[in-house]
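Open the model in your viewer and keep the sequence panel beside it. The stops below say what to select and what is there.

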Amino acid sequence: MIRTRVGYTGGNKENPAYHSLGDHTESIEVDYDPSIISYADLLEVFWRSHDPGSRSWSRQYMSAIFYHNEEQKNLALESGKREEARTHGKIYTEILPASRFYRAEDYHQKYYLRQRPELIRELKAIYPSNEDFQDSTAAARLNSYLAVKGPPAVIQAQLQDLLPPEESRKLLDLVLGQER
């Protein structure tokens with residue numbers, strides 16, 4: 001994964017906001033490198049990351065895959081059929097064409113990082129604009145690490161590849177300091 005952003009898509013309202021979504025769905029936009037992970041592999045992660053057999057109680061929170069082309073559509077449909085066969089139950093995840101994606105408000109971005117003000121301060125020093133912060137691969141990887149507590153060696157290697165040594169060390173000390 002290169003970067004992620006949370007936001008709203010799937011509806012007709014111009015410039016939706018959290019308290020005024022119209023017919024949009026809360027969603028996540030993922031930029032990825034297909035030479036490292038395939039769209040099919042991303043779909044497998046998606047299916048394993050939620051309960052596709054649960055009905056959503058509103059369009060805002062519905063489970064959906066928004067595809068960008070026919071290949072993605074076909075892969076999503078095939079993966080949905082496999083998931084239905086695997087779970088022996090009805091799948092309520094919708095597979096829909098992508099429409100315009102609107103970024104959510106800044107305070108919704110990088111949720112797990114926002115629980116750590118010391119990390120936000122360091123990242124804002126590296127990425128002073130909100131857009132640069134939201135688009136940062138380093139911020140996306142740190143946010144993901146904090147969400148799932150992956151192997152420390154992985155986040156260490158990733159940050160060292162993404163940032164200059166001093167910045168990487170500062171962030172790693174803040175994230176891993178108690179774990180080392």
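**Stop 1: E44 and its two partners**

Select E44, which counts as partly exposed because its relative accessibility is 27%, a value between the 20% and 50% cut-offs. Keep in mind throughout that this is a predicted model.

The side chains of E44 and R82 form a salt bridge, with 3.4 Å from N to O. R82 has a relative accessibility of 46%, so R82 counts as partly exposed.

Now select R48 together with E44. What do R48 and E44 form? They form a salt bridge, and their closest N and O atoms are 3.7 Å apart. Both residues sit in helix α1, where a spacing of four residues is about one turn of the helix. R48 is partly exposed, because its relative accessibility is 49%.

**Stop 2: Y39**

Stay with helix α1, which covers residues 39-48, and select Y39 in this helix. Is Y39 buried or exposed? Y39 counts as buried, because its relative accessibility is 14%, and the cut-off for buried is under 20%.

Leaving out residues up to four places away in sequence, Y39 touches Y32, I65, Y67, Q72 and L75. One of these, Q72, can be picked out along with Y39 to display a contact.

The C-alpha atoms of L77 and Y39 are 12 Å apart, while the two residues are 38 residues apart along the chain.

**Stop 3**

Move to E118 and R116. These two residues form a salt bridge, and the closest N and O atoms are 2.7 Å apart. E118 has a relative accessible area of 24%, so E118 is partly exposed.

Definitions and conventions:
Residues numbered from 1 in each chain as written. Predicted model: local features only at pLDDT ≥ 70, side-chain atom pairs only at ≥ 80, totals over all residues. Heavy atoms only, no water. Helix = DSSP H or I, 4+ residues; strand = E, 2+ residues; numbered from the N terminus. Buried < 20%, exposed > 50% of the residue type's maximum accessible area, 1.4 Å probe, protein only. Contact = heavy atoms within 4.5 Å. Salt bridge = Lys/Arg side-chain N within 4 Å of Asp/Glu carboxyl O.
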